[in-house]
Amino acid sequence: GIRVEGWKLIDEIPGDEVCENAVFEKYPSPFVIHFCQRYMAAEWFFGKRKLPKDFFTCEHPLLQIPPKNLATEFNYKILPAKKEPFSG
């Protein structure tokens, strides 16, 4: 099969719309997003190795949704403390 990352599609979404809930209904997008890297903006951080082992259980809370202006209003990042699991 073809192995191509979908960043070109994501990059074409306007910054003020990238955090909208219906963005993937409005713009072409990859059908799978593989979170293989760390992603951060301001104090928002996602790293799959920071998620607790019981993340995919019904008892675990959902992730918090970032603000819609995250992509356009913040140009800095704050790394989380090392070796601390996600606390949801």
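Predicted model: local features only at pLDDT ≥ 70, side-chain atom pairs only at ≥ 80, totals over all residues.
Reader: How many salt bridges does a search of the whole structure find?
Author: Side chains of opposite charge can pair when their charged atoms come close. In this model, E17 forms such a bridge with K26, and E20 forms one with K68. The search of the whole structure gives a total of two.

Reader: How far apart are the closest N and O atoms of E17 and K26?
Author: A salt bridge requires a side-chain nitrogen of Lys or Arg within 4 Å of a carboxyl oxygen of Asp or Glu. E17 and K26 form a salt bridge, and their closest N and O atoms are separated by 2.9 Å.

Reader: Is K26 buried or exposed?
Author: The exposed class begins over 50% relative accessible area. K26 has a relative accessibility of 56%, and therefore counts as exposed.

Reader: Which parts of the chain does the pair of E20 and K68 link, and how many residues apart are they?
Author: E20 and K68 form a salt bridge with closest N and O atoms 3.7 Å apart. E20 lies in the loop between α1 (7–11) and α2 (23–26), whereas K68 lies in the loop between β2 (44–46) and α3 (70–73). E20 is partly exposed at 32% relative accessible area, and K68 is partly exposed at 48%. The pair thus links distant parts of the chain, the two residues being 48 residues apart.

Reader: What is the geometry of the aromatic pair of F55 and F56?
Author: The structure holds three aromatic pairs. In the pair of F55 and F56, the ring centres are 4.9 Å apart and the planes stand at 75 degrees. Planes over 60 degrees apart count as edge-to-face, so the pair of F55 and F56 is edge-to-face.

Reader: What is the angle between the planes of F74 and Y76?
Author: F74 is partly exposed at 29% relative accessible area, and Y76 is partly exposed at 40%. Their rings form an edge-to-face pair, 6.1 Å centre to centre, with an angle between the planes of 80 degrees.

Reader: How do the residues lining the second largest pocket divide by type?
Author: The second largest pocket contains about 250 Å³ of space. Its lining includes C36, F45, R49, K50 and P80. The lining residues divide into five nonpolar, two polar and five charged.

Notes:
Residues numbered from 1 in each chain as written. Heavy atoms only, no water. 1 Å grid on protein atoms, 1.4 Å probe; cavity = no way out; pocket = protein on both sides within 12 Å on 5 of 7 lines; lining within 4 Å. Points joined across faces, edges and corners; volume = space filled by probe spheres on them. Nonpolar A, V, L, I, M, F, W, Y, C, P; charged D, E, K, R; others polar. Buried < 20%, exposed > 50% of the residue type's maximum accessible area, 1.4 Å probe, protein only. Helix = DSSP H or I, 4+ residues; strand = E, 2+ residues; numbered from the N terminus. Phe/Tyr/Trp six-rings, centres within 6.5 Å; stacked < 30°, edge-to-face > 60°.
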